[in-house]
Amino acid sequence: MNLLTDPDHAQGRANRLRARSDLVASASARALFAIVTFVTTWTPMPAKAVDGCLVLLCFAAPSWRSIPQCVPPIHQVLRDLARGKPFPTCAMAGAGNTASHAWARAPSNCPPQYTRVFEGPSRPIYSCDYAGAVSVSINGAPFARTWWSMAGDSVTEFSPAAKTQLGTWDTRFDDDYATWLASWPPTVPADPNP
């Protein structure tokens, strides 16, 4: 018996194909209905503000990039700052525990390793690799300053007290400074017997 020419087999095959087609159409209709229902009933939630207390803790961490819970809020606050939004506050920080933002201005408010100097027509023109800095104070003393760029890059400068307290920290700022310092020609000590 040839299955290709058997009328019962051909009818069974046609029924199976029709059932599969109906199932696919039914699944497609259900998916389309679910999408239409979601779109027509979904109302956007207002954007949540970044938690200033979490941001304060993350900026004071040895490396906020290594703490998964810190990455999204820090990226968000840096995007917000780039768009001109104010820095978030933390009412529960306690006396002397603060974080604030200032725009970078070279050469006065920009680390030397990130300051660029160009010769202008009448005077030098200074620029900074970073757009701003978030400064964190703990117990009223400077703790850390995170320099950030519009492109999303950042580097953190830790105070000596922070380094003592933390023990380990992201050393990129210090490494960049050491590299910058090494790029300068050595100074020749003055001859004590001229």
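Helix H2 keeps Gly52, Cys53, Val55, Leu56, Cys58 and Phe59 buried, where buried means under 20% relative accessible area, exposed over 50% and partly exposed in between, with a 1.4 Å probe and protein chains only. That is 6 of its 8 residues, so H2 is mostly covered. The cover over these buried residues includes H3, strand S1 (98-103), S4 and S5. Helices (H or I, at least four residues) and strands (E, at least two) are DSSP runs numbered from the N terminus.

This is a predicted model, in which local features need pLDDT of at least 70 and side-chain atom pairs count only at pLDDT 80 or more, while totals for chains, interfaces and linings use all residues. Residues are numbered from 1 along each chain as its sequence is written, and side-chain values use heavy atoms, with hydrogens and water left out.

**The chain as a whole**

- The protein chain holds 5 helices and 6 strands, in the sequence order α-α-α-β-β-β-β-β-β-α-α.
- Of its 194 residues, 26% are buried.
- The accessible surface is about 13,300 Å², and carbon and sulfur atoms account for 62% of it; such areas come from the Shrake-Rupley method with a 1.4 Å probe, and for residues only the protein chains shown count as cover.
- Taking contacts (heavy atoms within 4.5 Å) between residues at least 6 apart in sequence, 46% join residues at least 24 apart.

**Nonpolar cores**

- A nonpolar core is a set of buried Ala, Val, Leu, Ile, Met, Phe, Trp, Tyr and Cys residues joined through side-chain atoms within 4.5 Å.
- The largest one has 24 residues, and Val55, Phe59, Ile74, Val77, Leu78 and Phe87 touch the most other members.
- At least two residues of this core come from each of helix H2 (52-59), helix H3 (71-82), strand S4 (132-138) and strand S5 (141-148), with H2 giving the largest share, 5 residues.
- A second, separate core has 9 residues, among them Ala133, Trp147, Val155 and Phe173.
- Setting aside neighbours within four places in sequence, Phe87 is in contact with Val55, Phe59, Val77, Leu81, Ala99, Ser100, His101 and Val134.

**How H2 meets H3**

- H2 and H3 pack at an angle of about 105°, their axes 10 Å apart; the axes are lines fitted to C-alpha atoms, for helices over the stretch in contact, and angles run from 0 to 180 degrees between N-to-C directions.
- H2 is therefore roughly perpendicular to H3, a label for 65 to 115 degrees, whereas under 35 is roughly parallel, over 145 roughly antiparallel and the rest oblique.
- Leu54, Val55, Cys58 and Phe59 of H2 make the contact with Pro73, Ile74, Val77 and Leu78 of H3.
- These residues divide into 8 nonpolar, no polar and no charged; Ala, Val, Leu, Ile, Met, Phe, Trp, Tyr, Cys and Pro count as nonpolar, Asp, Glu, Lys and Arg as charged, and the others, Gly among them, as polar.

**Loops and backbone details**

- Most residues other than glycine have a negative phi, and most peptide bonds are trans.
- Asn139 is not a glycine, yet its phi is positive at about 55°; Asn139 lies in the loop between S4 and S5 and is exposed, at 65% relative accessible area.
- Ala106 and Pro107 are joined by a cis peptide bond, with omega about 0°, and Pro107 sits in the loop between S1 and strand S2 (115-119).
- Arg105 is also found in the loop between S1 and S2, and Arg105 counts as exposed at 53% relative accessibility.
- From C-alpha to C-alpha, Arg105 and Gly132 are 8.1 Å apart in space, and they are 27 residues apart in sequence.
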